[in-house]
Amino acid sequence: MLLRFILGLIGVGFAFILTISLISDLTTFLSSPPEESAEHEFHKHPKHLALASDGPFGKFDRQQLQRGFQVYKEVCAACHSLNLVAFRNLHDLGYEEAEVKAIANQWQIEVPTVNPETGEPATRKAIPSDTFPDPYANETAARAANNNMLPPDLSLITKAREGGAAYTYSILTGYQRQPAKLVREFPAAKTPPGLHYNPYFANLNIAMPPPLTSAGQVTYAPGNPAPTVDQMAEDVSAFLVWAAEPKLENRHRSGIAVVIFLLVGTVLGYLAYRQIWAEAKRKVRATGALDPKNLAKSRRAKAKSGVTG
Ligand code: HEC
């Protein structure tokens, strides 16, 4: 009895505290509604981007990946590494062994190493087993060159950002003049010197200067679409999807195989169930126990004897 009373008291105390905190939260919310901010009003969600690798049956468009790699190589690699992707992974995009060797050998950024004779830091040409190197010696150097911001490694960027490839594509094509309305309403949010207005970036001002500015910045091999800014942005985004998940096609393929396997398994399971219980059911039916009238009778008998279930 006493225990019940104490437990009840604890319950009432708990409910009381909850009510108090609810009331206090409500009053703060009503007295000071969330502040309007430039981000709140002007930030945009990624544009729509359809790639061949989308959906459960998606496959990479190798031609597009090669174009995207070319954009990475000629534009983005000046600032961004791909430290989880090796040159030899380019075989996947359809490059031959010799081509991969040549690409690594001619890479504009050399790989850090140590001079075996003097022990001094040195650099050497890349080889196929190297990953795409960081153009900066370290973080300090990277920040010094980029308005104190760090160009992130792009290996997993399409996995790391909401919107994935569409986000990258939107950032690359989203640079614009800062709307006059924004500056009028939020003077403090004016783009500082050295940054660039981009409504697809979380805080609207990005340290990356627009990397793709003019059509034909990269020359595509004959037979490819014209290298407009939009096309280059789409291609490099597709390439970064591959960089983040080179085995995407295997995943799709095994996913489909597993679903088919489970469907067949379900049908077989159902047929086995029918087979195993066929005899038992036939017998029960023969006794008439499943007849609705008999069922009702036996239920009544059970109720009378106090057996439940
Ligand atoms: C001049 C150097 C430079 C070049 C060239 C460059 N970037 Fe960047 N990039 C940066 C810097 C610096 C940042 C960090 C910006 C920030 O945090 O404000 C960045 C950030 C990014 C981000 C991440 C945004 C985020 O959400 O954090 C992506 C994606 C990106 N760059 C893609 C690219 C692609 C693709 C290319 C090639 C077409 C490219 N960049 C070329 C310097 C560069």
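Visitor: Which residues are the closest to the ligand, and how many residues surround the ligand?

Guide: In this predicted model, the ligand is surrounded by 23 residues, and the closest are Cys76, Cys79, Asn146, Ala207 and Met208. Helix H7 (residues 165-173) gives the largest share of this shell, namely 3 residues.

Visitor: What kinds of residues make up the shell around the ligand?

Guide: The shell holds 19 nonpolar residues, 3 polar residues and 1 charged residue.

Visitor: Why is the protein called more spread out than a compact globule?

Guide: The protein has 11 helices and 6 strands. Its radius of gyration is 32 Å, whereas the globule rule gives 19 Å for 309 residues; the value is well over the rule, so the protein is more spread out than a compact globule. Its C-alpha atoms fill a box of roughly 95 × 60 × 50 Å along the principal axes. The domain assignment gives domain 1 (41-81 + 134-246) and domain 2 (251-305), and the C-alpha centres of these two domains lie 57 Å apart.

Visitor: Why is helix H1 said to lie largely in the open?

Guide: A residue counts as buried if 20 or more other C-beta atoms lie within 10 Å of its own. Of the 30 residues of H1, the number that are buried is 0, so H1 lies largely in the open.

Visitor: What makes helix H9 mostly covered?

Guide: Of the 16 residues of H9, 13 are buried.

Visitor: How do you know that the length of H9 agrees with its number of residues?

Guide: At 1.5 Å a residue, the 16 residues of H9 (residues 229-244) should span 22 Å; the end C-alpha atoms are 22 Å apart, and therefore the two values agree.

Methods: Residues numbered from 1 in each chain as written. Predicted model: local features only at pLDDT ≥ 70, side-chain atom pairs only at ≥ 80, totals over all residues. Near = placed C-beta within 6 Å. Helix = DSSP H or I, 4+ residues; strand = E, 2+ residues; numbered from the N terminus. Nonpolar A, V, L, I, M, F, W, Y, C, P; charged D, E, K, R; others polar. Buried ≥ 20, exposed ≤ 12 C-beta atoms within 10 Å, placed from the backbone. Domains from an automatic or database assignment. Expected span 1.5 Å × (residues − 1). Rg over C-alpha atoms; globule rule 2.2 N^0.38 Å.
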